[in-house]
Amino acid sequence: MGLDFSAILSRWPEFWNGTQATVFYSITSLSLAVTIGLLVALARLSFIPPLRWLARLYIDFVRGTPALVQIFFVYFGLPSVGINLSAPVAAVIALAINSGGYLAEIFRGGIVSIDRGQTEAARSVGMSHWSAMRRIILPQAGLRVIPAAAGEFTNLVKGTSLLSTISVMELTRVAQVVVGVTFKPIEAYIAIAVIYFVLNAAIAQGALWLESYLTNKQGGAHG
Amino acid sequence: MADPMVRIEGLGKHFGTHEVLRGIDLDVEKGSTVAIIGPSGSGKSTLLRCINHLEVPTVGTVEIDGQPLTSSADRTRWQRERRLNVLRSQVGMVFQRFNLFPHRSAVQNVMEGLISVRHLRPDEAREQAKAMLERVGLGNKLDSYPSQLSGGQQQRVAIARALVMQPKVMLFDEATSALDPELVEDVLMVMRDLASQGLTMIVVTHEMGFARDVAKSVVFMDGGVIVEQGPPDSIFVAPTHERTKMFLKKVLHR
């Protein structure tokens with residue numbers, strides 16, 4: 001058995017389009033997920049009990065059910081209650097809701113890991129809770145959560161392959177289509193595996209750079 | 001006594017069933033330095049933290065220059081917080097472990113309160129912060145980050161951060177306990193200087209020499225109560241309570 005990539009290579013424009021789509025869905029979902037994650041993390045730490053309960057419920061629900069089921073729920077389920085979403089919109093919403101749940105816990109972990117003395121020092125000069133959070137706690141927590149958040153971003157990129165099930169033309173869907181025409185499954189799946197790997201390697205490297213850049217900018221290693 | 005700068009009345013603090021403070025009454029005169037001494041676990045740090053409500057007392061009241069930290073007129077959490085924020089900005093606090101903001105340079109640490117609480121323009125805030133750092137002998141460390149400073153330097157930045165708000169009273173919570181012995185003196189010198197300039201200070205300390213030389217009044221605490229209180233001469237030379245005698249014997253004859 002020899003591998004023959006010529007049929008795949010001749011299809012590179014389709015793979016290129018698929019890659020762009022995968023990157024697009026990853027970035028849009030991530031931006032939304034970061035926003036959701038931050039709000040939910042703050043709600044989880046709020047002094048208003050119902051907010052805490054809702055945040056907890058959301059996190060447990062999202063992390064306790066399969067991402068594929070969540071995607072099906074948004075795309076196939078919501079129309080039956082009158083909410084019709086196009087596949088791309090449903091895709092971004094479902095992925096963002098999913099990833100936001102994981103990010104919320106990552107962010108919460110980062111926030112509570114900051115020494116209590118930081119909050120006390122900020123409050124002792126008269127800063128409000130929110131001001132201390134925004135100016136003192138979050139910048140430090142942000143730096144600390146980069147490795148874990150990058151891991152979640154990687155999961156999100158891989159998770160976009162689930163969108164193939166609702167006919168979004170991302171990488172995995174492209175590979176399926178190409179296989180149907182060329183009958184070269186090994187080559188096609190090796191090709192997209194390499195592309196996913198390169199994307200995620202770039203994220204890992206980018207996260208390391210960002211971490212060291214911000215660490216230097218904040219005056220080197222902290223105690 | 002004229003109106004005190006700090007008035008503490010009937011203060012008590014429980015953590016669950018554990019009573020840390022019981023019925024504390026204490027007046028601190030304007031412009032005076034009060035040293036609080038006592039064995040560990042006596043409640044002295046908790047008392048200090050109750051003064052600016054970093055620790056919310058279970059019972060009792062605290063007034064700063066006649067203004068209570070809590071008022072029944074405040075109905076919402078927002079109103080209570082607002083009152084606390086205003087009063088806290090008039091009370092400086094220095095912590096045992098400095099608690100500088102590690103992501104901010106020395107001058108940015110000192111500017112923080114001026115910008116986010118007093119809403120000064122950055123250039124004005126920087127000028128004031130710079131002057132304050134010069135006053136504590138760190139005019140050449142403006143742009144250093146906390147991780148690049150010694151413990152003594154960090155603590156002086158922390159003092160500048162509190163002082164720049166022009167507080168009515170300064171609280172020192174074992175400010176020299178985490179320092180290497182050779183750095184303690186730098187910080188004590190700054191504190192002596194402040195006391196001589198008439199700043200009202202409440203100092204929880206293990207530095208008996210400092211308490212004796214600088215404090216106008218010494219408060220000995222044990223078991224969550226004030227056991228005795230008086231000028232340093234009477235507390236250190238002729239303590240009346242057995243517990244005070246035992247404690248002083250331990251710390252003075254090391």
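Start with the open sheet of chain B: four strands in the order 2-1-4-5, paired antiparallel. Its edge strands, each pairing on one side only, are strand 2 (18-28) and strand 5 (67-68) of chain B. Strands here are DSSP E runs of at least two residues and helices are H or I runs of at least four, numbered from the N terminus; two strands pair if DSSP finds at least two bridges between them. This is a predicted model, in which local features need pLDDT of at least 70, side-chain atom pairs count only at pLDDT 80 or more, and totals for chains, interfaces and linings use all residues. Residues are numbered from 1 along each chain as its sequence is written, chains are lettered from A in the order in which they are written, and side-chain values use heavy atoms, without hydrogens and water.

Next, select strand 1 (residues 6-15) of chain B, which is joined to the antiparallel strand 2 of chain B by seven bridges.

Move to chain A and select T172(A), in helix 8 (residues 171-182). T172(A) is buried, at 13% relative accessible area (buried is under 20%, exposed over 50%, partly exposed in between, with a 1.4 Å probe and protein chains only). Beyond neighbours within four places in sequence, T172(A) has contacts to S161(A), S164(A), I192(A) and Y196(A), a contact being heavy atoms within 4.5 Å.
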